[in-house]
Amino acid sequence: MLQELSSMDRITQLQDEIQNLLTIMSRSIAYLTSRANFVQVSEEIPITKQRNPDKVDPPDVFEANKKELVDDLMVKAKQIEYLIQSLPTPEPEEVQAARLATLEEEMQRANQDYEASVARAKALHAQISETLRGILNDDEFAAEALPG
(Lines give C-alpha, C1' and ligand atoms only; values in the text may rest on other atoms or scores of the structure.)
Protein backbone atom coordinates (compact mmCIF):
# COMPACT_ATOMS: atom_id res chain seq x y z
CA MET A 1 0.00 0.00 0.00
CA LEU A 2 2.81 2.40 0.94
CA GLN A 3 4.58 1.60 -2.32
CA GLU A 4 1.36 2.35 -4.25
CA LEU A 5 1.13 5.75 -2.53
CA SER A 6 4.74 6.46 -3.41
CA SER A 7 4.02 5.56 -7.03
CA MET A 8 0.98 7.82 -7.03
CA ASP A 9 3.12 10.66 -5.62
CA ARG A 10 5.57 10.16 -8.47
CA ILE A 11 2.77 10.16 -11.00
CA THR A 12 1.40 13.37 -9.49
CA GLN A 13 4.88 14.92 -9.65
CA LEU A 14 5.15 13.79 -13.26
CA GLN A 15 1.79 15.37 -14.09
CA ASP A 16 2.88 18.61 -12.42
CA GLU A 17 6.18 18.68 -14.31
CA ILE A 18 4.47 17.99 -17.64
CA GLN A 19 2.09 20.87 -16.87
CA ASN A 20 5.11 23.08 -16.11
CA LEU A 21 6.75 22.01 -19.38
CA LEU A 22 3.61 22.91 -21.31
CA THR A 23 3.51 26.29 -19.55
CA ILE A 24 7.14 26.96 -20.50
CA MET A 25 6.43 25.93 -24.09
CA SER A 26 3.34 28.12 -24.28
CA ARG A 27 5.12 31.14 -22.87
CA SER A 28 8.11 30.52 -25.14
CA ILE A 29 5.90 30.51 -28.21
CA ALA A 30 4.12 33.64 -26.99
CA TYR A 31 7.46 35.40 -26.47
CA LEU A 32 8.91 34.28 -29.79
CA THR A 33 5.84 35.36 -31.74
CA SER A 34 5.41 38.70 -29.99
CA ARG A 35 9.01 39.95 -29.62
CA ALA A 36 10.49 38.89 -32.99
CA ASN A 37 10.55 41.07 -36.05
CA PHE A 38 9.39 39.78 -39.39
CA VAL A 39 12.23 38.43 -41.54
CA GLN A 40 12.10 37.70 -45.22
CA VAL A 41 12.84 34.01 -45.78
CA SER A 42 12.34 33.95 -49.53
CA GLU A 43 13.06 36.56 -52.16
CA GLU A 44 9.80 35.61 -53.83
CA ILE A 45 7.73 36.45 -50.76
CA PRO A 46 8.10 40.05 -49.66
CA ILE A 47 7.63 41.27 -46.10
CA THR A 48 4.34 43.14 -46.01
CA LYS A 49 4.28 44.03 -42.36
CA GLN A 50 6.66 45.44 -39.74
CA ARG A 51 6.35 45.53 -35.98
CA ASN A 52 6.72 48.67 -33.96
CA PRO A 53 10.48 48.86 -33.09
CA ASP A 54 9.81 49.28 -29.35
CA LYS A 55 7.91 45.98 -29.36
CA VAL A 56 10.82 44.04 -30.86
CA ASP A 57 13.85 42.89 -28.87
CA PRO A 58 17.28 43.70 -30.31
CA PRO A 59 18.83 40.68 -32.08
CA ASP A 60 21.42 39.97 -29.35
CA VAL A 61 18.77 40.10 -26.58
CA PHE A 62 16.39 38.00 -28.64
CA GLU A 63 19.07 35.35 -29.26
CA ALA A 64 20.03 35.28 -25.55
CA ASN A 65 16.37 34.89 -24.58
CA LYS A 66 15.89 32.11 -27.14
CA LYS A 67 18.89 30.28 -25.67
CA GLU A 68 17.48 30.69 -22.17
CA LEU A 69 14.09 29.35 -23.32
CA VAL A 70 15.76 26.31 -24.89
CA ASP A 71 17.79 25.74 -21.71
CA ASP A 72 14.61 25.93 -19.60
CA LEU A 73 12.87 23.44 -21.89
CA MET A 74 15.85 21.06 -21.75
CA VAL A 75 16.07 21.20 -17.94
CA LYS A 76 12.36 20.52 -17.58
CA ALA A 77 12.54 17.67 -20.13
CA LYS A 78 15.42 16.10 -18.16
CA GLN A 79 13.41 16.39 -14.93
CA ILE A 80 10.47 14.66 -16.60
CA GLU A 81 12.76 11.96 -17.97
CA TYR A 82 14.18 11.38 -14.47
CA LEU A 83 10.67 11.08 -12.99
CA ILE A 84 9.67 8.61 -15.70
CA GLN A 85 12.78 6.53 -14.99
CA SER A 86 11.96 6.52 -11.25
CA LEU A 87 8.49 5.07 -11.79
CA PRO A 88 8.25 1.43 -10.76
CA THR A 89 7.95 -1.19 -13.43
CA PRO A 90 4.39 -2.42 -13.79
CA GLU A 91 3.43 -5.76 -12.30
CA PRO A 92 3.28 -8.67 -14.70
CA GLU A 93 -0.21 -9.29 -16.03
CA GLU A 94 -0.44 -12.66 -14.26
CA VAL A 95 0.28 -11.02 -10.88
CA GLN A 96 -2.33 -8.34 -11.52
CA ALA A 97 -4.88 -11.00 -12.53
CA ALA A 98 -4.17 -13.02 -9.36
CA ARG A 99 -4.48 -9.92 -7.18
CA LEU A 100 -7.78 -9.00 -8.85
CA ALA A 101 -9.08 -12.55 -8.36
CA THR A 102 -8.21 -12.37 -4.64
CA LEU A 103 -9.96 -9.01 -4.35
CA GLU A 104 -13.00 -10.44 -6.14
CA GLU A 105 -13.16 -13.34 -3.66
CA GLU A 106 -12.87 -10.94 -0.71
CA MET A 107 -15.61 -8.78 -2.18
CA GLN A 108 -17.91 -11.80 -2.64
CA ARG A 109 -17.32 -12.89 0.99
CA ALA A 110 -18.03 -9.35 2.21
CA ASN A 111 -21.20 -9.24 0.10
CA GLN A 112 -22.35 -12.59 1.53
CA ASP A 113 -21.71 -11.28 5.06
CA TYR A 114 -23.66 -8.15 4.22
CA GLU A 115 -26.60 -10.13 2.82
CA ALA A 116 -26.62 -12.37 5.91
CA SER A 117 -26.58 -9.31 8.18
CA VAL A 118 -29.47 -7.73 6.27
CA ALA A 119 -31.47 -10.98 6.48
CA ARG A 120 -30.80 -11.22 10.25
CA ALA A 121 -31.80 -7.57 10.71
CA LYS A 122 -35.07 -8.22 8.83
CA ALA A 123 -35.77 -11.31 10.96
CA LEU A 124 -35.10 -9.36 14.17
CA HIS A 125 -37.32 -6.55 12.93
CA ALA A 126 -40.12 -9.04 12.25
CA GLN A 127 -39.70 -10.59 15.75
CA ILE A 128 -39.77 -7.18 17.43
CA SER A 129 -42.80 -6.12 15.38
CA GLU A 130 -44.63 -9.35 16.28
CA THR A 131 -43.76 -8.95 19.96
CA LEU A 132 -44.96 -5.34 19.97
CA ARG A 133 -48.22 -6.33 18.25
CA GLY A 134 -48.73 -9.05 20.86
CA ILE A 135 -48.14 -6.60 23.70
CA LEU A 136 -50.50 -4.04 22.20
CA ASN A 137 -53.20 -6.66 21.60
CA ASP A 138 -52.87 -7.93 25.19
CA ASP A 139 -53.20 -4.37 26.53
CA GLU A 140 -56.28 -3.72 24.38
CA PHE A 141 -57.83 -7.03 25.48
CA ALA A 142 -57.08 -6.26 29.13
CA ALA A 143 -58.56 -2.77 28.77
CA GLU A 144 -61.75 -4.17 27.22
CA ALA A 145 -62.07 -6.83 29.98
CA LEU A 146 -61.95 -4.23 32.74
CA PRO A 147 -65.43 -3.38 34.02
CA GLY A 148 -66.11 0.16 33.31
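Mentor: Glu91 counts as partly exposed because its relative accessible area is 33%; here buried means under 20%, exposed over 50%, and partly exposed in between, computed with a 1.4 Å probe and with protein chains only as cover. Please keep in mind that this is a predicted model, in which local features need pLDDT of at least 70 and side-chain atom pairs count only at pLDDT 80 or more, while totals for chains, interfaces and linings use all residues. Numbering starts from 1 along each chain as its sequence is written, and side-chain values use heavy atoms, with hydrogens and water left out.

The partner of Glu91 is Arg99: the two form a salt bridge whose closest N and O atoms are 3.0 Å apart. The rule asks for a side-chain nitrogen of Lys or Arg within 4 Å of a carboxyl oxygen of Asp or Glu. Arg99 is also partly exposed, since its relative accessible area is 40%. Side chains of opposite charge can pair when their charged atoms come close.

Helices here are DSSP runs of H or I with at least four residues, strands are runs of E with at least two, and both are numbered from the N terminus. Lys66 is partly exposed at 29% relative accessibility, and Glu63 is partly exposed too, at 44%.

The other salt bridge brings Lys76 and Glu17 together at 2.7 Å, N to O. Lys76 belongs to helix α2 and Glu17 to helix α1, so this pair ties together parts that are 59 residues apart in sequence. Both partners are buried; for Glu17 the relative accessibility is 18%. The side chains of Glu17 and Lys76 also make a polar contact of 2.7 Å, a term for a pair of N or O atoms within 3.5 Å; within protein, one must be able to donate a hydrogen and the other to accept it, and residues adjacent in sequence count only if both atoms are side-chain atoms. Setting aside neighbours within four places in sequence, Glu17 is in contact (heavy atoms within 4.5 Å) with Lys76, Gln79, Ile80 and Leu83.

Asp57 counts as buried because its relative accessibility is 13%. Its side chain has a polar contact of 2.4 Å with that of Tyr31 and another, of 2.9 Å, with that of Arg35. Leaving out residues up to four places away in sequence, Asp57 touches Tyr31, Arg35, Phe62 and Asn65.

Two of those neighbours, Tyr31 and Phe62, bring us to the aromatic side. The structure holds 1 aromatic pair. The ring centres of Tyr31 and Phe62 are 5.7 Å apart and the planes make an angle of 20 degrees, so the pair is stacked. It links distant parts of the chain, with Tyr31 in helix α1 and Phe62 in helix α2, 31 residues apart. The cut-offs apply to rings of Phe, Tyr and Trp (its six-membered ring): centres within 6.5 Å make a pair, planes under 30 degrees apart are stacked, over 60 edge-to-face, and the rest tilted. Both Tyr31 and Phe62 are buried.

Together with Ile18 and Leu22, Met25 forms a nonpolar patch on the surface, with about 250 Å² of accessible area in all.

The chain has 3 helices and 0 strands, in the order α-α-α along the sequence. Of its 148 residues, 10% count as buried. Among contacts with a separation of 6 or more, 64% come from residues 24 or more positions apart. The chain exposes about 12700 Å², of which carbon and sulfur atoms supply 59%.

Definitions and conventions
Patch = residues over 30% accessible without salt bridge, like charges linked within 9 Å, V, L, I, M, F, W, Y side chains within 5 Å. Areas by Shrake-Rupley, 256 points an atom, 1.4 Å probe, with all protein chains shown as cover.
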